[in-house]
Amino acid sequence: MEEEEIAKTPKQRAKKDVAQGRVIDTYAAQCDKCHKWRVIDSQEEYEDIRSRMLEQPFTCDKKHVPCEGPPDIDYDSSRTWVIDKPGLPKTPKGFKRSLVLRKDYSKMDTYYITPSGKKLRSRNEVASFVKVNPEFQSAPLGDFSFTNPKVMEDTLPLDASLASPAATTTSSRNSSKQLQE
Ligand SMILES: [Zn+2]
């Protein structure tokens, strides 16, 4: 049983607002049958796969590609991968779940961005936001997860202190999964 999804982050340019960390730029999921990685087009689709992954393992045919075909992306250190926990709920409508890899690659931080652009960094902040914005009360608190994806050490750039242009990848994988070589 190996199910995974991932997302990866892009090369960071010298943009001011990304100076504090790297964001995800690519999402991927691992086929439960052939173990190849398939790129997932959008965060929404990725979250959908991730939320149901425990009951419905991802397979290539969901992307309408045969298992025999080449992988879309390889798990290697050409980009930094982060692994999301499978089964995490989909982000409530109107909100965006944002993941930022710290500049030193030590960990990822999770936060939610409200429809008005406010950052919520904890479940308490979500609760206070919903309290003063009752129009969002339909969003269950349990659907906000601050479980950070795991940064895969074997995909870190050699010198993590350098502002390396390596991309970052996020993924979800079953905890029983071993690292791929
Ligand atoms: Zn496959």
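Strand β7 (residues 108-113) pairs with β8 in the antiparallel sense over two bridges, where pairing requires that DSSP find at least two bridges between the strands and strands are DSSP runs of E with at least two residues, numbered from the N terminus. Tyr-112 has Leu-120 of β8 as its bridge partner. The structure is a predicted model, in which local features need pLDDT of at least 70 and side-chain atom pairs count only at pLDDT 80 or more, while totals for chains, interfaces and linings use all residues. Residues are numbered from 1 along each chain as its sequence is written.

The two strands belong to an open sheet of four strands, paired antiparallel in the order β2-β6-β7-β8. Its edges are β2 (21-23) and β8 (119-120), each pairing on one side only.

Mean pLDDT (the predictor's confidence in each residue, from 0 to 100) is 80 for the protein, and 76% of residues reach 70 or more. Confidence is highest in β8, at a mean of 96, and lowest in β1 (residues 4-9), at 50. Over residues 9-18 the pLDDT is below 50, and beyond near neighbours in sequence this stretch has 16 contacts in the model (C-beta atoms, placed from the backbone, within 7 Å). Where pLDDT is low, the predicted coordinates should not be read in detail.

Key. Two residues are in contact if their C-beta atoms, placed from the backbone, lie within 7 Å.
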